[in-house]
Amino acid sequence: MFRRTFWFTAGAAAGVWATTKVNRKLRQLTPESLAAQAADKAIETGHKLKDFALDVRENMVRREAELGGALGLEAPVDPDLPVQRHYAVEASAESAARPATYRTLPYKSNNRNEDH
């Protein structure tokens, strides 16, 4: 009698466990759940990329400072030497004050190859 009760209870417990596992897996495979999992992974990947970019930027600034010190770019300027100009790095005050405008062609063109 006790054997039958034991095996009946063991079978019922195994059935409940298996049913619960299958239902959980089915809920994970619904389109809404898959979309939420994909969104979570995308957000996680975005945070990792942002952290990576910040690390790269921090190390880039540190390395540029090291190279500037090694090359003497941060050293005081010798008055006998001409002033170094960094046109590619520094923007002029007047170009910073103007909004970005596009170059326009002259109204009267001397180009004879235009279509008329």
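The model is a predicted one, so local features are taken up at pLDDT of at least 70 and side-chain atom pairs count only at pLDDT 80 or more, while totals for chains, interfaces and linings use all residues. Residues are numbered from 1 along each chain as its sequence is written, and side-chain values use heavy atoms, with hydrogens and water left out.

To begin with the overall fold, the protein chain has three helices and zero strands, which reads as α-α-α along the sequence. Helices here are DSSP runs of H or I with at least four residues, strands are runs of E with at least two, and both are numbered from the N terminus. Helix 1 covers residues 2-28, and helix 2 covers residues 31-71.

Next comes the surface. The accessible surface of the protein chain is about 12,100 Å², and 60% of that belongs to carbon and sulfur atoms. Such areas come from the Shrake-Rupley method with a 1.4 Å probe, and for residues only the protein chains shown count as cover. Of the 116 residues in the protein chain, 2% are buried. Buried stands for under 20% relative accessible area, exposed for over 50%, and partly exposed for anything in between (1.4 Å probe, protein chains only).

Two surface patches turn up. Patches are built from residues with over 30% relative accessible area and no salt bridge; like charges are joined within 9 Å, and nonpolar side chains (Val, Leu, Ile, Met, Phe, Trp, Tyr) within 5 Å. Leu-67, Leu-71 and Leu-73 make a nonpolar patch of about 320 Å². Of these, Leu-71 sits in helix 2 and is exposed, at 64% relative accessible area. The other patch carries positive charge and brings together Lys-21, Arg-24, Lys-25 and Arg-27. Lys and Arg count as positive and Asp and Glu as negative, with His and the chain ends not counted; a charge is placed at NZ of Lys, CZ of Arg, CG of Asp or CD of Glu. Arg-24 belongs to helix 1.

Now for the charged pairs. Side chains of opposite charge can pair when their charged atoms come close. The structure holds three salt bridges, each defined as a side-chain nitrogen of Lys or Arg within 4 Å of a carboxyl oxygen of Asp or Glu. In one of them, Lys-48 meets Glu-44, with the closest N and O atoms 3.4 Å apart. The two residues are four apart in helix 2, so about one helical turn separates Lys-48 from Glu-44. Lys-48 is exposed at 53%, whereas Glu-44 is partly exposed at 36%.

Further along, Arg-62 and Glu-66 pair up at 3.0 Å, N to O; they are four residues apart in helix 2, again about one turn. Glu-66 also bridges to Arg-63, with the closest N and O atoms 3.1 Å apart. Arg-62 is partly exposed at 45%, Arg-63 is partly exposed at 45%, and Glu-66 is partly exposed at 37%.

Finally, the structure holds one aromatic pair. Rings of Phe, Tyr and Trp (its six-membered ring) pair if their centres lie within 6.5 Å; planes under 30 degrees apart count as stacked, over 60 as edge-to-face and the rest as tilted. Phe-6 is exposed at 52%, and Trp-7 is exposed at 60%.
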